[in-house]
Amino acid sequence: HLGAALQLLPCCMQSVDYLFNSIEDSVLARRGEILVEERELRSGLHETLRLTVTVPQLFGVPAQLQLLSDAIEMGGGVVHRMY
């Protein structure tokens, strides 16, 4: 891929599965891929999701980053950290 790798720490207000599906659909629609998916259950109902994705032209023109951010919001999440 000629894209940038991006690590996301989304924070979800709904189901982590729903959030993951929304992000996955957006990444695959842009010919990207999910490189790493990590889930961790903390203290009962608190589940964390960490993803590393690559998307062609993530920071290019047109920028794909906004479309990925929109998918995270549609999945009920917000980006806690991006690097």
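Residues are numbered from 1 along each chain as its sequence is written, and side-chain values use heavy atoms, without hydrogens and water. In this predicted model local features need pLDDT of at least 70 and side-chain atom pairs count only at pLDDT 80 or more, while totals for chains, interfaces and linings use all residues.

Q: Why is Ile23 called buried?
A: Buried means under 20% relative accessible area (exposed is over 50%, partly exposed in between; 1.4 Å probe, protein chains only). Ile23 has a relative accessible area of 0%, so Ile23 is buried.

Q: Where does Ile23 lie?
A: Ile23 lies in helix α1, residues 16-29. Helices (H or I, at least four residues) and strands (E, at least two) are DSSP runs, numbered from the N terminus. The C-alpha atoms of Ile23 and Asp70 are 9.0 Å apart, although 47 residues separate the two along the chain.

Q: Which residues of helix α2 are buried?
A: In α2, residues 65-74, they are Leu68, Ser69, Ala71 and Ile72.

Q: How do you know that the buried residues of α2 line one face?
A: Look down the axis of α2: the buried residues fall within an arc of 155°, so they line one face of the helix. The arc is taken over the directions from the helix axis to the C-beta atoms. The face turned away from the buried side of α2 carries exposed Glu73 and Met74. After α2 comes Gly76, with a positive phi near 90°.

Q: What makes Arg39 and Asp17 a salt bridge?
A: A salt bridge needs a side-chain nitrogen of Lys or Arg within 4 Å of a carboxyl oxygen of Asp or Glu. The closest N and O atoms of Arg39 and Asp17 are 2.5 Å apart, and the pair forms a salt bridge. Arg39 is in strand β2 (residues 33-42) and Asp17 in helix α1, so the pair ties together parts 22 residues apart in sequence.

Q: Buried, exposed or partly exposed: what is Arg39, and what is Asp17?
A: Arg39 has a relative accessible area of 33%, so Arg39 is partly exposed. Asp17 has 44%, so Asp17 is partly exposed.

Q: How many salt bridges does the whole structure hold?
A: The search finds three. Arg39 also forms a salt bridge with Glu37, with the closest N and O atoms 2.6 Å apart. Arg50 and Glu38 meet in a salt bridge at 3.7 Å, N to O. This pair links distant parts of the chain: Arg50 is in strand β3 (residues 46-56) and Glu38 in strand β2, twelve residues apart. Shared partners join Asp17, Glu37 and Arg39 into one network.

Q: What makes the charged end of Arg39 sit over the ring of Phe20?
A: The rule asks for NZ of Lys or CZ of Arg within 6 Å of the ring centre and within 35 degrees of the ring normal. The charged end of Arg39 is 5.4 Å from the centre of the Phe20 ring and sits over that ring.

Q: Which residues make up the largest nonpolar core?
A: A nonpolar core is a set of buried Ala, Val, Leu, Ile, Met, Phe, Trp, Tyr and Cys residues joined through side-chain atoms within 4.5 Å. The largest has twelve residues, including Phe20, Ile23, Leu51, Leu68 and Ile72. The elements giving two or more residues to this core are α1, β3 and α2. The largest share, five residues, comes from α1.
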